[in-house]
Amino acid sequence: MPAISSHKPYRVGRSKTGLGLFATKPIKKGTRIIRYFGPILDSRIPEQDDIENKYLFELNGRWTINGAVRKNLARYINHSCRPNAESDVRPRERKVFIRAIRNIEPGDEINYDYGTDYFKAYLKPIGCKCPSCETKRKKQRAEARAERAKVKARAERKAQKAGAKGSKKKKLNGHAFGKPNGRVRV
């Protein structure tokens with residue numbers, strides 16, 4: 001196991017969605033955890049505006065940080081619809097810090113909300129894998145299974161009722177009216 005630096009309260013580790021950033025020490029609410037950094041791209045320059053990767057962090061309409069550099073450990077922070085951290089964007093300084101919005105315990109994954117544009121472009125097509133969405137999907141699947149079971153049971157009861165009615169022979173003055181094959185006597 002690699003040695004964990006004493007001054008960094010986080011480590012990169014295996015997550016449900018790939019790699020993630022995990023707390024190694026308790027992190028108090030409001031604490032700056034890490035800085036998101038990389039080359040600054042200008043959207044007015046066509047070559048820089050055409051760059052496509054998942055690690056782009058938009059500061060404003062003009063400036064974007066390309067966080068794909070390997071030293072940028074903040075790029076491992078995953079999305080969550082119920083995050084424990086948030087981005088503190090400072091467009092004038094061209095800096096982004098990730099700050100805790102709740103107390104984070106050792107072993108907890110650090111995550112923040114990526115925003116609606118990123119969510120629609122990258123996460124919605126494959127489905128969000130954050131714990132709150134997974135729980136919501138499990139609940140929806142359980143409700144759908146229960147509904148299907150209810151419909152199936154209703155259909156079986158209806159079939160049994162119809163079968164019970166069809167198996168009874170009609171009587172006329174106390175005598176059976178139909179033949180065994182179901183044809184009526186004339």
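Is Tyr-36 buried or exposed? Tyr-36 counts as buried, because its relative accessibility is 4% and the cut-off for buried is under 20%. Before I go on, please keep in mind that this is a predicted model. I will start with the aromatic rings, then take the charges over rings, the pocket and the cysteines.

Tyr-36 has a ring partner. Tyr-36 and Phe-57 form a tilted aromatic pair, with 5.2 Å from centre to centre and 45 degrees between the planes. The two residues are 21 apart, and the pair links distant parts of the chain: Tyr-36 belongs to strand E3, residues 32-36, and Phe-57 to strand E5. Phe-57 is also buried, since its relative accessibility is 12%.

How many aromatic pairs does the structure hold? The number is three. Another of these is Tyr-114 with Tyr-118, and here the geometry is edge-to-face: the centres are 4.8 Å apart and the planes stand at 90 degrees. On accessibility, Tyr-114 has a relative accessible area of 25%, so it is partly exposed. Tyr-118, with 18%, is buried. The cut-off between these two classes is 20%. Tyr-112 comes in as well: ring pairs join Tyr-112, Tyr-114 and Tyr-118 into a cluster.

Next, charges over rings. Arg-32 places its charged end over the ring of Phe-97, at 3.9 Å from the ring centre. Arg-94 does this with Trp-63, where the distance to the ring centre is 3.8 Å.

Let me stay with Arg-94 for a moment. Where is Arg-94 in the chain? Arg-94 is in the loop between strand E8, residues 85-90, and strand E9, residues 95-100. Its phi is near 60 degrees, which is a positive value in a residue other than glycine. Arg-94 is partly exposed, because its relative accessible area is 35%. In sequence, Arg-94 and Phe-37 are 57 residues apart, but their C-alpha atoms are 9.1 Å apart in space.

The largest pocket has a volume of about 1200 Å³. It is lined by 40 residues, and the closest to its centre are Lys-54, Leu-56, Tyr-114, Tyr-118 and Tyr-122.

What is the lining made of, by residue class? There are 18 nonpolar residues, twelve polar and ten charged. Several elements contribute at least two residues each: strands E2 (18-23), E4 (40-42), E5 (56-58) and E7 (78-79), together with helices H1 (46-49) and H2 (116-123). Helix H2 gives the largest share, six residues.

Tyr-122 lies in that helix, H2. Tyr-122 counts as partly exposed, as its relative accessibility is 30%. Lys-54 is 68 residues away from Tyr-122 in sequence, while the C-alpha to C-alpha distance between them is 8.3 Å.

Last, the cysteines. A disulfide is a covalent bond between the sulfur atoms of two cysteines. How many disulfides are counted here? The count is zero. Take Cys-133: the nearest cysteine sulfur belongs to Cys-81 and is 3.4 Å away, so Cys-133 is in no disulfide, given a cut-off of 2.5 Å between the sulfur atoms. Cys-133 is buried, with 9% relative accessible area.

Cys-128 is buried too, with a relative accessible area of 5%. Cys-128 sits in the loop between H2 and helix H3, which covers residues 131-167. Along the chain, Cys-128 and Ser-80 are 48 residues apart, and their C-alpha atoms are separated by 8.0 Å.

To recap, in this predicted model, the rings of Tyr-112, Tyr-114 and Tyr-118 form a cluster, Tyr-114 and Tyr-118 are among the residues closest to the centre of the largest pocket, and the disulfide count is zero.

Notes. Residues are numbered from 1 along each chain as its sequence is written. This is a predicted model: local features need pLDDT of at least 70, side-chain atom pairs count only at pLDDT 80 or more; totals for chains, interfaces and linings use all residues. Side-chain values use heavy atoms; hydrogens and water are left out. On a 1 Å grid over the protein atoms alone, a cavity is a set of points where a 1.4 Å probe fits but cannot get out, and a pocket is an open set with protein on both sides within 12 Å along at least five of seven lines; lining residues have an atom within 4 Å of a point. Grid points are joined across faces, edges and corners, and a volume is the space filled by probe spheres set on the points. Helices (H or I, at least four residues) and strands (E, at least two) are DSSP runs, numbered from the N terminus. Ala, Val, Leu, Ile, Met, Phe, Trp, Tyr, Cys and Pro count as nonpolar, Asp, Glu, Lys and Arg as charged, and the others, Gly among them, as polar. Rings of Phe, Tyr and Trp (its six-membered ring) pair if their centres lie within 6.5 Å; planes under 30 degrees apart count as stacked, over 60 as edge-to-face and the rest as tilted. Buried means under 20% relative accessible area, exposed over 50%, partly exposed in between (1.4 Å probe, protein chains only). A charge sits over a ring if NZ of Lys or CZ of Arg is within 6 Å of the ring centre and within 35 degrees of the ring normal.
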